[in-house]
Amino acid sequence: MDNEKQTLDIIEQITRNDGTKYYELANIVMNGRAEKAAELGMIKEVRILKLNIPHSSAVTVYEDYVNANYTVPPMNLKEWVEYEKPAGKVRDAFNEILKANRIISKEDNAE
């Protein structure tokens, strides 16, 4: 599964141990790893905000970035990796996804 292309169809809100929150696109397998990370104390919690998001061109841009730069964490987690969202095409696509799914307002941007 580590080298298999991941299709992202869930929007999650992840709470870091310091109480700050961030959004992430994931799938059911990745969400399961986040739940495990919460059980192990690597993050505070994960919540699914939206299931089965439409597979737009913005999702494809972010999905391609994630697949090129990250792998699905193994079941025996050693650390939690927060995906970077580099400025430009990737961050713009990510913000577009959040706005299209009404997670953030049209005027806002995710951190």
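The model is predicted: local features need pLDDT of at least 70, side-chain atom pairs count only at pLDDT 80 or more, and totals for chains, interfaces and linings use all residues. Residues are numbered from 1 along each chain as its sequence is written, and side-chain values use heavy atoms, with hydrogens and water left out. Three strands make an open sheet. The largest nonpolar core has 22 residues. Five aromatic residues, Tyr62, Tyr65, Tyr70, Tyr83 and Phe94, are linked into a cluster by ring pairs.

**Sheet and helices**

- Helices (H or I, at least four residues) and strands (E, at least two) are DSSP runs, numbered from the N terminus.
- The strand order in the open sheet is S2-S1-S3, and the pairing is antiparallel. Two strands pair if DSSP finds at least two bridges between them.
- S2 and S3 are the edge strands, and each pairs on one side only.
- On average, neighbouring strands of this sheet are turned by 25° against each other, direction ignored. Axes are lines fitted to C-alpha atoms, for helices over the stretch in contact, and angles run from 0 to 180 degrees between N-to-C directions.
- Strand S1 (residues 10–15) pairs with S2 over six bridges, in the antiparallel sense. Gln13 stands opposite Tyr23 in S2.
- Helix H1 (residues 28–39) packs on the sheet and touches S1, S2 and S3. Its direction makes about 155° with that of S3. Contact means heavy atoms within 4.5 Å.
- H3 lies across S1 and S2 and runs at about 95° to S2.

**Nonpolar cores**

- A nonpolar core is a set of buried Ala, Val, Leu, Ile, Met, Phe, Trp, Tyr and Cys residues joined through side-chain atoms within 4.5 Å.
- Buried means under 20% relative accessible area, exposed over 50%, partly exposed in between (1.4 Å probe, protein chains only).
- In soluble globular proteins, nonpolar side chains tend to be buried together.
- Which residues have the most contacts inside the largest core? They are Ile11, Leu25, Met30, Tyr62, Val66, Ile97 and Leu98.
- Strand S2 (21–26), H2 and H3 are the elements that give two or more residues to this core.
- A second, separate core has seven residues, including Ile14, Ala37, Ile43 and Val46.
- Leu98 is found in helix H3. Leu98 counts as buried because its relative accessible area is 0%.
- Leaving aside neighbours within four places in sequence, Leu98 is in contact with Ile11, Tyr23, Ile103, Ile104 and Ala110.
- The C-alpha atoms of Leu98 and Ala110 are separated by 8.0 Å, with the two residues 12 apart along the chain.

**Aromatic rings**

- A pair of aromatic rings is described by the distance of the centres and the angle of the planes.
- Rings of Phe, Tyr and Trp (its six-membered ring) pair if their centres lie within 6.5 Å; planes under 30 degrees apart count as stacked, over 60 as edge-to-face and the rest as tilted.
- The whole structure holds four aromatic pairs.
- Tyr62 and Phe94 form a tilted pair, because their ring centres are 5.1 Å apart and their planes are at 50°. This pair links distant parts of the chain: Tyr62 is in helix H2 and Phe94 in helix H3, 32 residues apart.
- Tyr62 is buried at 0% relative accessibility, and Phe94 is buried at 2%.
- Tyr65 and Tyr70 form an edge-to-face pair, 6.0 Å centre to centre with 75° between the planes. Tyr65 is buried at 12%, and Tyr70 is buried at 18%.
- Lys85 lies over the face of Phe94, 4.9 Å from the ring centre. A charge sits over a ring if NZ of Lys or CZ of Arg is within 6 Å of the ring centre and within 35 degrees of the ring normal.
- Beyond its neighbours within four places in sequence, Phe94 is in contact with Tyr23, Glu24, Leu25, Tyr62, Lys85 and Ala110.

**Positive phi angles**

- Asn52 is not a glycine, yet its phi is positive, near 50°. Asn52 is found in the loop between strand S3 (45–51) and helix H2 (57–69).
- Is Asn52 buried or exposed? Asn52 counts as exposed because its relative accessibility is 62%.
- Arg102 has a positive phi of about 60°, although it is not a glycine. Arg102 is found in the segment after helix H3 (89–100), and Arg102 is exposed at 77%.
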